[in-house]
Amino acid sequence: MNRYPPHLAKIMEFFKKLPGVGSKSAERYAFNMIDWQPDELARFAGALASAKELLQSCAECGCLTQQQTCPFCDLRTRSAETLCVVAHFKDVYAIEHTHEYKGLYHVLGSLLSPLEGKSPEKLNISKLKQRIVESGVREVVIAIDSTLEGDATTLYLKRELEDLDIQVSRLALGMPMGSSLDFVDGGTLARALSGRRGF
Ligand SMILES: [Zn+2]
């Protein structure tokens, strides 16, 4: 029997959509939040409601940005010598937290998955190649999780970039197999970055 008032149960259902949040945590979060001041709750609801409108993907690199000019594409603070290819914009923050990398990024947005109909055309490789040539990039670092789809995408990228006069490297395989970039600790990721090698 569900003894929660329906509205509380509804709030809990939203929390349960979050990764790693089960019934127990959802209950704790909901009890905590209904004690918040009304204006604080309204500000939180407002921040969530405008998230999609205010947070956009940079047209150049695909990173998350709130400004016209993306901070990761700003050549006054970033080096165009290296370009790091990641699957998702959340991976960018995992790499930034290591403080080991000052180059550019390119967010693919998805990985190759023939079963799910994600074919190479969906990856928009021509945009990536164009950026490499126009920005004078000398090294491309592929930082994609070592999963079945990740490895397929990495090999595809390597083949596509072969005709360009650049070095292509991959994060050092101290990275645990099947691990996700945002789950490995900062130290491991930093070592994977500095120990990257051509392949
Ligand atoms: Zn950008």
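Modeller: Two strands pair if DSSP finds at least two bridges between them. Helices (H or I, at least four residues) and strands (E, at least two) are DSSP runs, numbered from the N terminus. This is a predicted model, where local features need pLDDT of at least 70, side-chain atom pairs count only at pLDDT 80 or more, and totals for chains, interfaces and linings use all residues. Residues are numbered from 1 along each chain as its sequence is written.

Colleague: What makes β3 and β4 a pair?

Modeller: Strand β3 (residues 79-86) and strand β4 (residues 103-107) are joined by 5 bridges. The rule asks for at least two, so they pair. They run parallel. C84 has Y105 as its bridge partner in β4.

Colleague: Why is the crossover from β3 to β4 called right-handed?

Modeller: The chain goes from β3 through helix α5 (residues 89-96) to β4. The name applies if, with the strands pointing away from the viewer, the path from the first strand over the helix to the second runs clockwise. This β-α-β crossover is assigned as right-handed, so its path is the clockwise one. β5, helix α7 (residues 148-161) and β6 make a right-handed β-α-β unit too.

Colleague: Which other strands pair, and over how many bridges?

Modeller: β3 is joined to strand β5 (residues 139-142) by 4 bridges, in parallel. There C84 has V141 as its bridge partner. β5 and strand β6 (residues 167-170) are parallel as well, over 4 bridges. V140 stands opposite V168 in β6. β6 and β7 run antiparallel and are joined by 2 bridges. The threshold is at least two, so β6 and β7 still pair. S169 has G198 as its bridge partner in β7.

Colleague: What is the strand order in the open sheet?

Modeller: The 5 strands run β4-β3-β5-β6-β7, with mixed pairing. β4 and β7 (197-198) each have a single partner strand, so they stand at the edges, with one side of each left without a neighbour in the sheet.

Colleague: What makes H99 exposed or buried?

Modeller: A residue is buried if 20 or more other C-beta atoms lie within 10 Å of its own, exposed if 12 or fewer, and partly exposed in between, with C-beta atoms placed from the backbone. H99 has 9 within 10 Å, so it is exposed. H99 is in the loop between α5 and β4. Its phi is positive, about 60°, although H99 is not a glycine.

Colleague: And T69: why is it put in its class?

Modeller: T69 has 10 other C-beta atoms within 10 Å, so it is exposed. T69 lies in the loop between β2 (64-65) and β3. Its C-alpha is 9.5 Å from that of A59, which is 10 residues away in sequence.

Colleague: How do you know where the buried residues of α5 point?

Modeller: The buried residues of α5 are F89, D91, V92 and I95. Down the axis of α5 they fall within an arc of 145° (the directions run from the helix axis to the C-beta atoms), so they line one face of the helix. They pack against β2, β3, β4 and α8.

Colleague: What does C84 touch?

Modeller: Contact requires C-beta atoms, placed from the backbone, within 7 Å. Leaving out residues up to four places away in sequence, C84 touches I95, Y101, G103, Y105, V141 and A143.

Colleague: Which domains does the assignment give?

Modeller: Domain 1 covers 6-54 and domain 2 covers 56-198. The bounds come from an automatic or database domain assignment. Over C-alpha atoms, the domain centres are 33 Å apart.

Colleague: What are the totals for the chain?

Modeller: The protein chain has 8 helices and 7 strands. Its C-alpha atoms fill a box of roughly 65 × 35 × 35 Å along the principal axes. Of its 199 residues, 24% count as buried. Among contacts between residues at least 6 apart in sequence, 57% join residues at least 24 apart.

Conventions:
Two residues are in contact if their C-beta atoms, placed from the backbone, lie within 7 Å.
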